[in-house]
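Welcome, and thanks for taking a look at this one with us. Here is a short briefing on how the parts meet, to read alongside the view below.

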Amino acid sequence: MDLLDFAKGPALQVAAYILVAGSIWRLVGILLLKEKPDYSEPRQSGGLLAALKVIYTRSFTAAPFKRATMYPKMMAYVMHIGLFAVVFLFVPHIMFFEGFLGFEWPGLPNSVIFFLGVAAIVSGIALLVRRITNPVLRLISNFDDYFSWFVTVLPLVTGLLIPVRMGFRYETLLAIHILSVALLLTWLPFGKLGHTFLVFITRGTTGMVFERRGAKT
Amino acid sequence: MTTVDGRHELDREAERLAYKPPEVRHDKQGDMSDEERINQAMHHFVKDFNTQTASYLDGCLHCGMCADACHFHVRTDDPRYTPIWKIELFKRTYKRQVGPFAFFYRLLGLKRHVTVADLEEWQHLLYDSCTVCGRCSLVCPMGIDIAGLVSMARHGMFKAGLIPHELHEVAKTSAETGSPLGISPDKFEERAEWMADEHDVDIPMDVEKADVLAVMSSIEINKYPQSIAATAKILNASGESWTFRKDGFEATNFGMLSGNTEWQKAASMKLIDAAIKIGAKTLVLPECGHAYMALRWMGANMYGKPLPFKVMHISEYMADALNTGKIKVKKLNKSVTYHDPCQVSRRGGATQAARDVLKHLGVDFREMEYGGDYNWCCGGGGGVVTIKRADPLRHRVFKLKMDQVEKTEADELLSSCANCRQSFDDSQAHFNWDYTMGSLMETVAENLEERKS
């Protein structure tokens, strides 16, 4: 078994198992906590619609905070959009997903994916620089913040290096890329990258509680 | 030759000639061991945990945006005042002791133990520099209600005997006497009688059966007693069958502010029992922000089932009475701006009520820039105005409020919270500021139109 076989096979498979098991464990640990009923008389209905509303609306910044948070928000948007496009709209990735999903969807031209990938890396670097230089972020940051950044940016970099080659074999570069993806999937459920799924719970529960009060969400 | 007072020691190690800064005051109640304090703090922080709060502690991205929404950080640039940092110790303990991966954190020693020294340092962050105003909760991209977490952390701090002495004293007085200022039922009756004479208004007391139970805050009874008369005028004009009760008159809830849930419950139950006793359909809360949060949104949960009566803030009551024509007011020819009490508006959902009242008063209403739900807090909420050592910081923070008010160039400033009013009055005196905060309720009471019988 060469490196590429290992990356495509056991490495990716184990990472996927850890991703699923870790995510379920974390979600169950949170979702199974006891809930106390809220007996206060609601001003308006809360429920699922309120949760969905805030899951959507909190994607945008409220006017009073726009100026102060514009820069990190823009960088975060670019990074998230870039990541999404690279993962789900790059034709070779779509073919990979088709392998086990059984269906495909249209992708974006490689040049656009390349541009978005570079943009995601640049915005990631900008966010890292901010984390290191901003006194607030420096204080509140921990290992998770830096390691999560590393495992997110690494697959972008290793992916972009594949067409560049730099004297390496294609198979070697692809194997390194897949291994970096495996690292990302392995870490995702444990650290802050868990916001991939936790965001629906945090925003959703806030929506349910505060919407029923008629309070600002 | 004159001598220095010797209270502060000369720092001979410093690079520049300097006197050692005075020690920061860390208050402690009780005589628990350090270990016991830590256990109490953490146990009472996590004991009411549910999916929502656990996901909050697990979901923080450390983006730091909450710092930009916090008046204490905005005015000082001190990173320690970043809202999410204020619960850092508790977040750390949650991950180490309770969270889904607590086992790994403990096994690998990934989160260090919290010490009493840490908790003492955090006393300043959880009490002196957080008004639980919830502005930070609105900027968080994850939607984390950081203010709610601060309240939970206060539960732990209280049990650990690590809260500011002033707040402890006021909360204790409240638990022992039923009023944070020690106002006895007889004193309240005396004040009500005085106001009835002074303002020539009927003030029913201890009526056995009534549709409406009205309650007051000690701050009003003590400092703004005209509020008692104003409440009576409005309820009389509405034609309500109503009463004050000596066995349930105090709306403030220092149990909630200090973090003692038993005292919080006891204070709420007094009002709930009194309302049930007289068969009230509505309990009208006074101009007090935290009283609204304590009873309107937490009261039923303290009671353990839905309340058999409606709970309204006085601004909601007035808006309803004006909208339905139960009372009428004269039009005022002036411009007014309005300070939203955080617990009534942003966190309580009654933002529109005051605006409805102002519309009926016919004023030229000048909304503050980013007012309403995004309003800057007065800086004195959450018990902060009680803590003397926090005064310099509170005054510093109040500058934001001053700027917000001054920009409107309104003739008058109104609000609907006696705690905010107290905080405004204090800061006004400190800065020799032109604006005096007025009461929305008193303004309505002074401008009621006679009922046509």
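In this predicted model, the meeting of the two chains takes 47 residues from chain A and 45 residues from chain B.

**Where chain A touches chain B**

- Four helices of chain A, α1 (3–31), α3 (66–89), α6 (135–140) and α9 (195–213), are the elements that each give two or more residues to the side touching chain B.
- Of these, α9(A) gives the most, with 10 residues.
- Sorted by class, this side of chain A holds 23 nonpolar, 13 charged and 11 polar residues.

**Domains of chain B**

- The domain assignment divides chain B into domain 1 (34–163), domain 2 (178–321) and domain 3 (327–446).
- Between the C-alpha centres of domain 2 and domain 3 of chain B, the distance is 21 Å.

**Where domain 2 touches domain 3 in chain B**

- Domain 2 of chain B brings 31 residues to this contact, and domain 3 of chain B brings 28.
- On the domain 2 side, at least two residues each come from α11 (218–223), α12 (226–237), α13 (254–258), α15 (289–297) and α17 (314–323) of chain B.
- Which element supplies the largest share of that side? That is α12(B), with seven residues.
- The class make-up of the domain 2 side of chain B that touches domain 3 is 15 nonpolar, 10 polar and six charged residues.

Conventions:
Residues numbered from 1 in each chain as written. Chains lettered and ligands numbered in written order. Predicted model: local features only at pLDDT ≥ 70, side-chain atom pairs only at ≥ 80, totals over all residues. Domains from an automatic or database assignment. Contact = placed C-beta atoms within 7 Å. Nonpolar A, V, L, I, M, F, W, Y, C, P; charged D, E, K, R; others polar.
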